[in-house]
Amino acid sequence: VKKKAKGYEKQASEIKQAAVLGAGIMGGGIAYQSASKGTPILMKDINGEAIELGLKEARKLFGKGVERGKLTTEKMAQGLSNIRPTLSYGDFGNVDLVVEAVVENPKVKASVLAELEDNVAEDAILTSNTSTISITRLAESLKRPENFCGMHFFNPVHRMPLVEVIRGEKSSDAAIAATVAYARQMGKTPIVVNDCPGFLVNRVLFPYFGGFSLLVEKGADYQRVDKVMEKFGWPMGPAYLLDVVGMDTAVHANAVMAEGFPDRMARDGKTAIQVMYDNQRLGQKNDLGFYRYE
Ligand code: NAD
């Protein structure tokens, strides 16, 4: 797969101007990553407060670079100036590639993508950071589905090297090539994958979470499971990782996996993860998951 990604890259020219829709956890992270690697990016949201939060996060990350002596204050100012926050599509006419990173709702994404397409040049590449929605299905809302593919980052964007580039049924080689090139410009490792529930990483990760859940349901101590998996060599165990991912996100993604692979992923009764979710133990986002965060 890596080889393939390299081949694609040669077909694309540099992304000179990028844009991201949504200034949330992912949108803010994508804006920072693009800006810090030198690619100017417009960051659009419908909510001014979200933009402020996205910028605050970027400032914090650049500030850490300065604290650690990796960045001069001049470079920090330069990096920050690469992020242009906006509430409108006014400047989208010369954007080469857009990452859509708004809320994970198929209806919202479909209408945002259709609106976006009307505000960019005909050859602009549109991508979606969706974790679970089919790229082929999202493409149905577009007049130029060949210019569209998935660009799936992982959280936190600045720390996670992998980006899944998802080929929908109608995605063109040019769209895949541009997205691979942009991921590389951002210092990431792109892999090109087919459009299926969970793409590649979550197809591996969610069966693992399912196995962990079964152990807990049989009475295993989650802290001990975490310690064992750490000794096995993983940087963190499944309970801690679920706290990072968020129980709401995990339940939602698991439902998509179960629908896509009912023979392997569907379960009778409630999983331990579902019980955690029902009890509002969402993980780090509300300071209470398998572990308590204060
Ligand atoms: P979030 O809720 O933090 O941010 C979503 C942002 O989208 C909000 O700021 C909201 O104001 C904005 N928004 C809503 N409608 C909009 C519109 N019409 N135009 C512009 N902005 C709009 O969500 P998030 O966690 O950053 O997730 C965004 C996307 O990334 C989702 O598709 C999610 O599945 C995907 N994703 C999330 C993670 C994760 O761990 N959080 C990881 C990978 C992918």
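I count two residues as in contact if their C-beta atoms, placed from the backbone, lie within 7 Å. The model I am reading is predicted.

**Val 165.** I looked up its contacts, leaving out residues up to four places away in sequence.

**Cores.** Which residues touch the most other members of the largest nonpolar core? I find Val 98 and Val 165, in a core of 58 residues. Helix α7 supplies the largest share of this core, eight residues.

**Ala 181.** I placed this residue in helix α7, which covers residues 173-185. Is Ala 181 buried or exposed? It is buried, because 23 other C-beta atoms lie within 10 Å and the cut-off for buried is 20 or more. I then checked Ser 13 against Ala 181: they are 168 residues apart in sequence. Their C-alpha atoms are 7.6 Å apart in space.

**Ligand shell.** I find 24 residues around the ligand. Gly 22, Gly 24, Met 26, Ala 50 and Asn 155 come nearest. The elements giving two or more residues to this shell are α2 (25-36) and α5 (106-117). Helix α2 gives the most, with three residues. I sorted the shell by type: 13 nonpolar, eight polar and three charged.

**Domains.** I have domain 1 at 2-194 and domain 2 at 205-283. How far apart do their C-alpha centres lie? The distance is 29 Å.

How values were computed:
Residues are numbered from 1 along each chain as its sequence is written. This is a predicted model: local features need pLDDT of at least 70, side-chain atom pairs count only at pLDDT 80 or more; totals for chains, interfaces and linings use all residues. Helices (H or I, at least four residues) and strands (E, at least two) are DSSP runs, numbered from the N terminus. A residue is buried if 20 or more other C-beta atoms lie within 10 Å of its own, exposed if 12 or fewer, and partly exposed in between; C-beta atoms are placed from the backbone. A residue is near a molecule or strand if its C-beta atom, placed from the backbone, lies within 6 Å of it. Ala, Val, Leu, Ile, Met, Phe, Trp, Tyr, Cys and Pro count as nonpolar, Asp, Glu, Lys and Arg as charged, and the others, Gly among them, as polar. Domain bounds come from an automatic or database domain assignment. A nonpolar core is a set of buried Ala, Val, Leu, Ile, Met, Phe, Trp, Tyr and Cys residues joined through C-beta atoms within 7 Å.
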